[in-house]
Amino acid sequence: MPSTTRLQPRAMRSEFESANAALVGRAEVMLERYVALGAPHARLLNTLSMLEHIGSRKIMATQSGRGLDQPTLKHLAEETRHAFFFKRHAEGVARRSLDYSAEVLAAPAAARMYFQRLDAGTAKALGRTANQRAAYLYMSMVVEFRAVWLYRIYHAVLERSRSPLSLRGVLAEEEGHLEEMAGALVTIGASDPALIERLCGAERKLFERLLIALERSVEEFALAA
Ligand SMILES: [Fe+2]
Ligand SMILES: [Fe+2]
């Protein structure tokens with residue numbers, strides 16, 4: 001029975017990695033180009049800040065209320081801090097303060113669309129009967145898989161370019177969230193590995209669109225430089 005199946009985040013992460021193997025090289029090249037360009041790198045960092053902020057706002061909007069527990073508050077606090085972390089580094093690279101306007105972001109429409117469609121797709125896949133708690137946990141799980149995948153690649157790119165910026169702390173927290181979401185899904189009896197795999201497949205298509213938009217943007221920034 002799916003509801004009693006134990007989720008194994010590590011095994012699922014290696015499945016996620018196999019399914020995304022074809023995207024690793026492209027993500028690496030895209031990130032290397034942003035890092036090498038300076039000002040566009042600030043835009044990318046600011047975009048990651050915006051995505052973290054959208055994620056934290058979503059937790060706040062859907063999980064507030066009597067049932068709000070300590071792990072969810074911790075998750076909210078950490079995603080909010082990630083938004084701050086990327087904003088602070090974006091401003092460090094840009095050497096000025098940055099809001100979330102399009103002219104200081106990279107592929108902003110695609111980034112916002114990624115989250116909106118993921119949210120709508122998850123809600124649709126779960127159906128009307130799903131409660132907000134289950135929707136939050138499934139959606140978070142899928143996002144955490146991507147965050148760990150992308151930040152690991154990004155961290156390696158930053159290390160190779162001898163950047164002073166390290167994603168080690170953020171990565172450790174995203175890995176922790178993955179374990180926490182898996183545990184919480186088991187607790188509420190909603191752990192369905194097949195559903196997670198399906199959601200991850202849909203997310204991959206959305207991420208690939210975002211990747212294409214980021215590749216195009218960095219191309220334009222390079223030509224304008
Ligand atoms: Fe995060
Ligand atoms: Fe996270």
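Predicted model: local features only at pLDDT ≥ 70, side-chain atom pairs only at ≥ 80, totals over all residues.
## Nonpolar core

The largest nonpolar core holds 54 residues, and the members that touch the most others within it are Leu137, Tyr138, Met141 and Leu185. Two or more residues come from each of helix 2 (21–37), helix 3 (39–63), helix 4 (70–94), helix 5 (108–126), helix 6 (132–160), helix 7 (168–187) and helix 8 (193–224). The top contributor is helix 6, which gives 16 residues to this core. In soluble globular proteins, nonpolar side chains tend to be buried together.

Once residues up to four places away in sequence are left out, Leu185 touches Leu7, Leu137, Met141, Ala190 and Ser191. Of these partners, Leu137 and Met141 are also named among the core members with the most contacts to other members.

## Helix 1 against helix 6

Two packed helices are described by the angle between their axes and the distance between the axes. For helix 1 (residues 9–19) and helix 6, the angle is about 65 degrees and the axes are 11 Å apart. Their crossing is right-handed.

On the helix 1 side the contact is formed by Arg13, Phe16 and Glu17, and on the helix 6 side by Phe145, Val148 and Trp149. By residue class, this contact of helix 1 with helix 6 has four nonpolar and two charged residues, with no polar ones.

## Helix 2 against helix 3

The axes of helix 2 and helix 3 are 5 Å apart, and the two helices pack at an angle of about 120 degrees. The crossing of helix 2 with helix 3 is left-handed.

Helix 2 brings Tyr34, Val35 and Leu37 to the contact, where they meet Ala39, Pro40, His41 and Leu44 of helix 3. Six of the residues in this contact of helix 2 with helix 3 are nonpolar and one is polar, while none is charged.

## Helix 3 against helix 6

Helix 3 also packs with helix 6, at an angle of about 165 degrees and with the axes 10 Å apart. Because angles over 145 degrees count as roughly antiparallel, helix 3 is placed in that class relative to helix 6. The crossing of helix 3 and helix 6 is left-handed.

Gly55, Ile59, Thr62 and Gln63 of helix 3 make this contact with Gln132, Tyr136 and Val143 of helix 6. The contact of helix 3 with helix 6 comprises three nonpolar and four polar residues and no charged ones.

## Positive phi in two loops

Arg95 is not a glycine, yet its phi is positive, at about 55 degrees. Arg95 sits in the loop between helix 4 and helix 5. Arg95 counts as exposed because it has 8 C-beta neighbours inside 10 Å, and the limit for that class is 12 or fewer.

Arg162 likewise has a positive phi of about 55 degrees without being a glycine. The loop that holds Arg162 is the one between helix 6 and helix 7. With 6 other C-beta atoms within 10 Å, Arg162 is exposed.

Pro108 belongs to helix 5. Its count of 19 other C-beta atoms within 10 Å makes Pro108 partly exposed, since a buried residue needs 20 or more. Leaving out residues up to four places away in sequence, Pro108 touches Thr47 and Ala102. Between Pro108 and Arg95 there are 13 residues in sequence and 21 Å in space, taken from C-alpha to C-alpha.

Leu23 is located in helix 2 and counts as partly exposed, with 17 C-beta neighbours inside 10 Å. Leu23 and Glu208 are 185 residues apart in sequence, but their C-alpha atoms are 7.9 Å apart in space. Glu208 is also a contact of Leu23, as is Leu211, when neighbours within four places in sequence are set aside.

Note on methods
Residues numbered from 1 in each chain as written. Chains lettered and ligands numbered in written order. Core = buried A, V, L, I, M, F, W, Y, C linked by C-beta atoms within 7 Å. Helix = DSSP H or I, 4+ residues; strand = E, 2+ residues; numbered from the N terminus. Contact = placed C-beta atoms within 7 Å. Axes fitted to C-alpha atoms, helices over the stretch in contact; angles between N-to-C directions. Left-handed = near helix turned anticlockwise from the far one by under 90°. Nonpolar A, V, L, I, M, F, W, Y, C, P; charged D, E, K, R; others polar. Parallel < 35°, antiparallel > 145°, perpendicular 65-115°, else oblique.
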